[in-house]
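Trainee: I would like a close look at one part of this protein. Please take me through that part and then through its surroundings.

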Amino acid sequence: MFNWPNETIDGTDPFNCTTNTSVPDAIASPEFQTLIFFAYSLIFLIAVIGNLAVFLAVTLLPRMQTVTNFFIANLALGDMLMAVFCIPFSFVSILILQYWPFGTPLCHLVNYSQAISVLVSAYTMIVISADRFLAIMWPLKPRFSKRTAKISILLIWIGALLTAAPILVFTSLIQPTEYHDQCDLAICTEVWPDEHSDWLYSIILITLQFIVPLIVLIFTYALIARKIWAKTPLGESIKQRERQILHSKRKIIKMMITVVLVFIVCWLPFNIFMLLPLHPDWPPLPYLWFLVHWLAMSHSCYNPLIYCFMNEKFRQGFQHLAMAGVGRCCPWALVVARRRKRSTGSNVTEMLELYPPSETNTMLSYVSEGGFDQ
């Protein structure tokens, strides 16, 4: 990614492997290193916790298991893949050490996972837009069933695995300079048979993971927005039920358009950067790479925040997850919730939707016998 000098400025041993002379002084400064660790650690934690919450809310809460939410859970799974396998390894190897210390298997896995996660996000958003398009433009025609949604998710992953397969094949550890050779260090990168093949696959990958999804999403959501916002309820001529349905449709479309816009803002600079013929000796290159790479990686943490702020059902789902977690750690808390819910006519079982039936029955029996009151 960057230039690795073969000799030091002060004329000492050019292969002093105890001191990493390949890292520019500005990058190696404590201030910049602190910024790097804080910035990437922040998005890593938000991405893992947030996307795990989304995935569990959809898979464990029956009321959340709708077709659209299945696809949203798939987005969360792809973002978790990005967070776990790409964020920590990429910034440490490129910005901190400027060599790959994690071995050959992880070199292949990290590069492959990053491509897969982006492709899964792009393909999933296309399918979501198609589902929304069919539901709103032709409401009387059959929609995606849950079975069709699960098959679509399987095909999304198969398509992503196949599209990114060349990266798995051509990723390798190399020693690009004499410095790396003498110090027995390597970098993890793609090694193609020729520059034309590398350029051609890069164009194909950017087209499939960014340009085509962008065109499809703009087209579908523009038509959807035009139809929904053109249908404005007036006075008493529109029933209250129809108003509520229209309001609900507008909210979900606003949320999905926001998801698409965030995807564009995060990944467009990185895709442009990868196509630019920048010289490795250009001084601002490491800082520019940090900015576009961090922005791209940060995409993995935004979707859960969008769902939380723009979707009431997801907020309720997150609350159920939190309550169930509290119930497991602090059983006495269930008694407090039971007494509060009894006053409103609801049942404590609403808190226990995440528990297996056998465990739920045991806990309910224990509560009814006053076990938690003792």
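The part I have in mind is helix α4, and I would like to know which of its residues are buried.

Mentor: Let us start with the whole chain and then go to the helix. This is a predicted model. The protein chain has 14 helices and two strands. It counts 374 residues, and 43% of them are buried. Take the contacts between residues at least 6 apart in sequence: 74% of these join residues at least 24 apart.

Now α4 itself. The helix covers residues 87-97. Eight of its eleven residues are buried, so α4 is largely enclosed by the rest of the structure. The buried ones are Ile-87, Phe-89, Ser-90, Phe-91, Val-92, Ser-93, Leu-95 and Ile-96. Just after the helix comes Gln-98, with a positive phi of about 65 degrees.

Start with Phe-89. Its relative accessibility is 17%, and the cut-off for buried is under 20%, so Phe-89 counts as buried. Its ring pairs with that of Phe-102. The centres are 5.0 Å apart, the planes stand at 90 degrees, and the pair is edge-to-face. Phe-89 lies in α4 and Phe-102 in the loop between α4 and α5, so the pair ties together parts that are 13 residues apart in sequence. Phe-102 has a relative accessibility of 28%, which makes it partly exposed.

Phe-91 belongs to an aromatic cluster.

Leave out residues up to four places away in sequence, and Val-92 touches Leu-97, Gln-98 and Phe-102. Val-92 and Ile-36 are 56 residues apart in sequence, yet their C-alpha atoms are 9.0 Å apart in space.

Now the helices on either side in sequence. Take α2, residues 30-60, and α3, residues 67-85. Their axes come within 8 Å and cross at roughly 150 degrees. That angle makes α2 roughly antiparallel to α3. The crossing is left-handed. On the α2 side, the contact uses Phe-44, Ala-47, Val-48, Asn-51, Leu-52, Val-54, Phe-55 and Val-58. On the α3 side are Asn-69, Phe-70, Ile-72, Ala-73, Ala-76, Leu-77, Asp-79, Met-80, Ala-83 and Val-84. By class, that gives 15 nonpolar residues, two polar and one charged.

Then go to α5, residues 104-137, and α6, residues 146-163. These two helices pack with their axes 8 Å apart, at an angle of about 140 degrees. That makes α5 oblique to α6. Their crossing is right-handed. From α5 come Tyr-112, Ile-116, Leu-119, Val-120, Tyr-123, Thr-124 and Val-127. They meet Ser-152, Ile-156, Trp-157, Gly-159, Ala-160, Leu-161 and Thr-163 of α6. The residues of this contact divide into ten nonpolar and four polar, with no charged ones.

Back to the aromatic rings. The whole structure holds 15 aromatic pairs. The Phe-89 and Phe-102 pair is edge-to-face. A further pair joins Trp-267 and Phe-270: the centres are 5.7 Å apart and the planes at 85 degrees, so this pair is edge-to-face too. Both residues sit in helix α10, residues 240-275. They are three residues apart, about one turn of the helix. An α-helix has 3.6 residues a turn, so residues three or four places apart point the same way. Trp-267 and Phe-270 are both buried.

One more residue of α10 is Asn-271. At 6% relative accessibility, Asn-271 counts as buried. Beyond residues up to four places away in sequence, Asn-271 touches Ile-206, Gln-209 and Phe-210.

To return to your question: eight of the eleven residues of α4 are buried. Among them are Phe-89, Phe-91 and Val-92.

Methods:
Residues are numbered from 1 along each chain as its sequence is written. This is a predicted model: local features need pLDDT of at least 70, side-chain atom pairs count only at pLDDT 80 or more; totals for chains, interfaces and linings use all residues. Side-chain values use heavy atoms; hydrogens and water are left out. Axes are lines fitted to C-alpha atoms, for helices over the stretch in contact, and angles run from 0 to 180 degrees between N-to-C directions. Helices (H or I, at least four residues) and strands (E, at least two) are DSSP runs, numbered from the N terminus. Angles under 35 degrees count as roughly parallel, over 145 as roughly antiparallel, 65 to 115 as roughly perpendicular and the rest as oblique. A crossing is left-handed if the near helix is turned anticlockwise from the far one by less than a right angle, and right-handed if clockwise. Contact means heavy atoms within 4.5 Å. Ala, Val, Leu, Ile, Met, Phe, Trp, Tyr, Cys and Pro count as nonpolar, Asp, Glu, Lys and Arg as charged, and the others, Gly among them, as polar. Rings of Phe, Tyr and Trp (its six-membered ring) pair if their centres lie within 6.5 Å; planes under 30 degrees apart count as stacked, over 60 as edge-to-face and the rest as tilted. Buried means under 20% relative accessible area, exposed over 50%, partly exposed in between (1.4 Å probe, protein chains only).
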